[in-house]
Amino acid sequence: MCRGYPPRGLELTQGAKGPAPAVMTKQVEEKKRVVVRFAGDSGDGMQLTGDRFTNATAVLGNDLATLPDFPAEIRAPAGTVHGVSAFQIQFASTDILTPGDHPNVLVAMNPAALKAELGTVERGGTIIVNEDAFNARNLEKAGFAADPLTDGTLEGYQVYRVPMTSITVRAVEELGLTRKEAERSKNMFALGLLSWMYGRPVDVTLNWLHKKFGDKQQLYDANVAAFKAGYNFGETTELFATSYVVKPAPVAPGTYRNISGATALAWGLVAASQRSGLRLFYASYPITPASELLHELSRLKNFGVITLQAEDEIAAANVALGAAFAGDLGVTGTSGPGMDLKAETLGLAVTLELPMVVVDVQRAGPSTGMPTKTEQADLLLAMFGRHGESPLPIVAAKSPSHCFEAAMEAARIAVKYRTPVILLSDTFIANSSEPWLIPDADELPTIDPNFATGPNAGQEFLPYLRDENLARPWAIPGTKGLRHRIGGLEKEDGTGDISYDPQNHERMTHLRADKVTKIADEVPPVEVDDPDGDAELLVVGWGSTFGTIRAAARRVRDQGRKVATAHVVHMSPFPPNLGEVLSRYQKVLVPEQNLGQLALLVRGRFLVDATSYTKVQGQPIFAEELETEILRMMEER
Amino acid sequence: MSDPQIQRNGAAGNGGGAVATLTKKDFTSDQEVRWCPGCGDYAILAIVQSFMPELGIEPDDTVFVSGIGCSGRFTYYMDTYGVHGIHGRAPALATGIATARPDLSVWVVTGDGDGLSIGGNHLIHALRRNVNMKILLFNNQIYGLTKGQYSPTSEEGKVTKSTPFGSVDHPFNPIALALGAEASFVARTVDNDRQHMTQILRQAAAHRGTAFIEIYQNCNVFNDGAFDAVREKPQGVHNQIRLEHGQPIVFDEGARCVRVGDNGRLEIAGVTETDPERIVVHDVHGRPSLAFALAHLSHRPIEPTCIGVFREVERPVFGEATIAQVASATERLGQGSVEKLLHSGDTWTVGAPA
Ligand code: SF4
């Protein structure tokens, strides 16, 4: 089965494992957790490699978290540091919370990848390079004055030089591909090698290749050959003396899958549609990183989903709002720059009091900013970014799988309270993935559209007469006798007729605000994780810092120190007990990927002297960084 | 799991004609009409309200959507379902409604500022998509609601509050714009001609897809008389070129015609001095170049100007195609199941199956 390549050009470099015995007896070592980072040129297929490694890892039952990290340019100049695309995964036999701060293993497909990523690798970590790519031209493009493989740059790391390109080309040579096509499979070689190193199940990848390329025999054969070549290379050559096992993580019984935030969010919207009986109408304009939602939902037409790619962000919002008026679950999705444009329509939706969900997959701003990099700096925009008093509920997803629940919750609030709801996700959550205990579809919450079917005031129908939740009736066109006109002009309480009456405007302004405030009555209280109940410091977060905060708290507790954590999902209105929770602790720390937006809100709302910890580098906060900050704050008197 | 088919409340469908005698009153809301006395909008409202019953579509199955500007108020005066949206966005809002609900009769009312300036993008894309809705663009060549600034259809040199030394902006030709946007139905009428407007509305209502109607509308407060040359007697008689499909284009009580000039361009000439072979015969279904040339016969309505249907062609209707895709995907793949979706792809089970 080994496709006859003699291992050639394999030399051990500094720090690599010593000479292997003539007869191979590979050692197997057990590891609790491993962080692997695949890095290469944008065209090298690193996201796909990472993704497949992740799936095999998920199926094996390890807990895992991933962090895709790619450039904004679709085809950045090949071989340059700008063009480096990376995918990081942490997997473990225990539960883990983040993709890991520092990779234990870096797979670098070219010099640029090594240059870009070396700084993040743990000291003494493993570096596997595609030796074939380390030629003079590529070294120069990456900005290396000398060859880092030989000039001492990698002193202290375990370096494996593997001629991935040439072995791949030889492995597929009988298939009659062009050299370029043949080289393209080298990512599968890397995947095969890493699959061997960490004992990942081979059939998961082979099945996937079959599904993906089954009808393109030559491509299928090439990818399988490259994958097997990589796997066999690990097993048979002398270069690698040890492989590792990472046992499955103990988790609650049930059926699991791996899921990304983008997929979970799309599926959550579909589930909300099915559980409400409302058709999902998703209107959107292409924008990174929210386009994934449009793509995923566009595939799901057999769920009755309508998707519409609008002419611009404003139109997308208006189309969704129009669909809502017509009786659908109207949803639009975007990222920061699109949110700016949708503000106008959100204001209209606030005053029309129609159900609508607006998804903001946040990215680094301002303006175009760093489109493929993560940030959570749209909280205040979501909260206040419209003219006039225009309050609306906000739900923030905290992890990839949580996007499913958050999407259902956003839709539920929108429908029940007849209001636009902003659902905040971010690039990190959208692109990364984690194992998910699949919920029972029949146990998912139901949503009652509660359409108006007849008059609500004697013989009359008053479109702005409210129920006990202060929600107005949703009377859709076609309903006999309930025709009415609504618009952006201020409306008279009850009748909805145009009104410029000063008292009425004040009353309506309060009613709209009270309606949102009242939602807090059914928002679950924020949960506090404080094992002994006597910590002095509380770390409060929202959104994608969830994993980091828990991981940092665990590190602190492992040192015998006490720290409490709490994570907010309902950003507007806040959970009813949030103020009380905040006031219980002497110190409150709010880590965020912005310049202190939640911190500003909790200070303003609850008069709490919260300390802000911020990072805006387009990368998640690392557990290590937060741990240091928590410990520092504990020392402060 | 509940059926995702939305519960509809007895929508009547499009133009069944089974509805017992609707009258103008059924389409007239109880709201006090608040345009300036003498405004052309009154006439348009009255004509539309009188026309709607003939479609045989219940007011409960009719939706009017408007934007901002004097025309935006139209929605409040129609006793149908209605949304008065944001400035320029009515075509987008209506796209959502019409796509979700092909059973409804959807009408958009907009103006030259609303539809051609701030909402230009939505207008052209609605026309391109051929969404099933009728767009009435009240062109008064001025911003009325904001008290008299020049609009994207105001003539060059127009003196207004924002252009005290005269406008240096070149105006749009709304008909040419709609044709350029690939609109499948393009027409023009005038606010004070009940018969003509009713005829155009009738043809627009019968058209499948987006119908675009420019209505010359007199704003007697800020731009009085802008269309007198084609609107008022007696000049109107001389200057209205009434387009009729299949008919030679003759106007001015049979005295003048539109003919192909020696350079191949359309020109206006006396009938007596024109070889009948050279008189243009109007064709709404043919190549758009004729409609385009007719739109450009006059750039401003102060000389002989075409009214009537410029172009009418059949194209797939956006909402129908959208719904058809959903139906065919459902037929091919079966009704989607969330349970199956959640378990699609690689899964693994830990411990006893839950
Ligand atoms: S300002 Fe002009 S268009 Fe507006 S209502 Fe008055 S007359 Fe009519």
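Guide: P301(B) is buried in this predicted model, with a relative accessible area of 3%; buried denotes under 20%, exposed over 50% and partly exposed anything in between, using a 1.4 Å probe and protein chains only. As conventions, residues are numbered from 1 along each chain as its sequence is written, while chains are lettered from A and ligands numbered from 1 in the order in which they are written. Because the model is predicted, local features need pLDDT of at least 70 and side-chain atom pairs count only at pLDDT 80 or more, whereas totals for chains, interfaces and linings use all residues, and side-chain values rest on heavy atoms, without hydrogens and water.

P301(B) sits in the loop that runs from α10 (288-295) to β11 (305-312) of chain B. Helices (H or I, at least four residues) and strands (E, at least two) are DSSP runs numbered from the N terminus. Leaving aside residues up to four places away in sequence, P301(B) touches Q141(B), Y216(B), A226(B), F227(B), A229(B) and V230(B), a contact being heavy atoms within 4.5 Å. From P301(B) to G254(B) there are 47 residues in sequence and 20 Å in space, C-alpha to C-alpha.

Elsewhere in chain B, two backbone features deserve mention. Most residues other than glycine have a negative phi, and most peptide bonds are trans. The bond joining K233(B) and P234(B) is cis, with omega about 0°, and P234(B) lies in the loop between α8 (228-231) and α9 (235-239). K147(B), although not a glycine, has a positive phi of about 75°; this residue belongs to the loop between β4 (134-139) and α6 (174-180) and counts as exposed at 53% relative accessibility.

The ligand is surrounded by residues of chain B, among them W35(B), C70(B), N140(B), Q217(B) and F222(B), where near means that a heavy atom of the residue lies within 4 Å. This shell divides into 7 nonpolar, 4 polar and no charged residues; Ala, Val, Leu, Ile, Met, Phe, Trp, Tyr, Cys and Pro count as nonpolar, Asp, Glu, Lys and Arg as charged, and the others, including Gly, as polar.

As for the chain as a whole, chain B has 12 helices and 12 strands, and 56% of its 354 residues count as buried. Its C-alpha atoms fill a box of roughly 95 × 50 × 50 Å along the principal axes. Of the contacts in chain B between residues at least 6 apart in sequence, 66% join residues at least 24 apart.
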